[in-house]
Protein chains: 2
Amino acid sequence: MKAEAAVDALSALANDHRLAVFRLLVQAGPEGKPAGAIADALAMPASSLSFHLAHLNRAGLITQSRDGRSLIYAADFAAMTGLVGFLTENCCGGASCAPSAAPSQKKRKAS
Amino acid sequence: MKAEAAVDALSALANDHRLAVFRLLVQAGPEGKPAGAIADALAMPASSLSFHLAHLNRAGLITQSRDGRSLIYAADFAAMTGLVGFLTENCCGGASCAPSAAPSQKKRKAS
DNA sequence: CTAATGATTCGATGATACTAGAAATGTCGA
DNA sequence: TCGACATTTCTAGTATCATCGAATCATTAG
């Protein structure tokens with residue numbers, strides 16, 4: 001995952017409502033949930049939810065498919081794996097993000 | 001890490017400049033970098049950089065300390081570990097999301 | 001004290017995000 | 001075709017974010 005895509009994904013998750021939607025879809029599993037069920041579960045107006053779903057979809061974090069009159073949204077687990085991988089590699093010292101794994105590349109500063 | 005803190009952290013990283021700053025600080029290691037050096041490395045006006053550093057600091061992702069006239073900023077690795085942990089637990093189906101034994105084996109284009 | 005330096009805060013401006021009702025679109029059953 | 005339903009798109013209003021020069025604060029040396 002490139003930094004540009006990572007920013008898109010981070011931006012998509014950086015909102016209470018969207019994070020709640022995504023977590024709900026993760027719990028729902030690969031089968032996903034129709035928009036109406038999400039709006040109902042989160043007590044959100046349909047138009048507001050649609051706005052957030054479009055945001056998540058544009059960022060590549062969820063997928064959309066139709067089932068009759070309902071639009072089914074599902075979490076894209078591969079995208080999430082890619083994001084966590086990006087953060088681990090680029091924002092955790094390149095090593096595993098384990099707490100005690102402080103990078104040993106100490107640069108000596110000539111002050 | 002709670003969802004509220006996670007949203008703050010995600011929001012802080014969901015910006016090109018701030019993500020670049022954070023990655024630079026991760027590369028710099030625990031010793032951190034003075035604000036001037038960051039501004040110089042990223043070719044950013046001092047006041048703009050200060051705005052973004054304050055944002056990252058408020059989100060708990062970086063720490064600030066003074067060294068003479070310079071303010072040293074350093075990545076807070078524990079906070080990042082917490083964020084990755086939150087994402088893994090809450091947004092990856094509860095199971096391990098990142099390849100648990102593959103830190104950085106894959107090829108990626110230099111960005 | 002005064003000057004110089006590193007960095008932040010202030011202030012104004014433009015851009016973007018969020019919300020939610022109303023209207024429009026797509027789909028199905030009769 | 002018609003009506004009902006699920007959802008999106010349109011629209012407008014409000015709120016928050018991003019930028020960056022100028023002014024200010026904090027620190028050190030002389």
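Modeller: The biggest contributor to the surface near DNA strand C is α4(A), with five residues; a residue is near a strand if one of its heavy atoms lies within 4 Å of it. Helices (DSSP H or I, at least four residues) and strands (E, at least two) are numbered from the N terminus. This is a predicted model, where local features need pLDDT of at least 70 and side-chain atom pairs pLDDT 80 or more, while totals for chains, interfaces and linings use all residues. Residues are numbered from 1 along each chain as its sequence is written, chains are lettered from A and ligands numbered from 1 in the order in which they are written, and side-chain values use heavy atoms, without hydrogens or water.

In total 22 residues surround DNA strand C, and the closest are His17(A), Arg18(A), His52(A), Gly36(B) and Tyr73(B). Of the atoms of DNA strand C that come within 4 Å of the protein, 64% belong to sugar and phosphate. By class there are seven nonpolar, 11 polar and four charged residues near DNA strand C (Ala, Val, Leu, Ile, Met, Phe, Trp, Tyr, Cys and Pro count as nonpolar, Asp, Glu, Lys and Arg as charged, the others, Gly among them, as polar).

Next come the polar contacts (pairs of N or O atoms within 3.5 Å; within protein, one must be able to donate a hydrogen and the other to accept it, and sequence-adjacent residues count only if both atoms are side-chain atoms). Arg18(A) has a polar side-chain atom 3.0 Å from a phosphate oxygen of DNA strand C. Arg66(A) reaches a phosphate oxygen of DNA strand C at 3.4 Å, whereas Ser47(A) places a polar side-chain atom 3.1 Å from a base nitrogen.

Turning to DNA strand D, 23 residues surround it, the closest being Gly36(A), Tyr73(A), Arg18(B), Ser47(B) and His52(B). Sugar and phosphate make up 63% of the atoms of DNA strand D within 4 Å of the protein. Here α4(B) supplies the largest share of the surface, five residues. The elements with at least two residues each are α3 (35–42), α4 (46–58) and β3 (70–75) of chain A, and α2 (16–28) and α4 (46–58) of chain B. The class counts near DNA strand D are seven nonpolar, 12 polar and four charged.

Phosphate oxygens of DNA strand D lie 3.1 Å from a side-chain N or O atom of Ser50(A) and 3.2 Å from a polar side-chain atom of His17(B). For Ser70(A), the partner is a sugar or linking oxygen of DNA strand D, at 3.5 Å.

Six bridges join β2(B) to β3(B) in the antiparallel sense, and Ile62(B) has Ala75(B) as its bridge partner in β3(B).

Key: Pairing = 2+ DSSP bridges.
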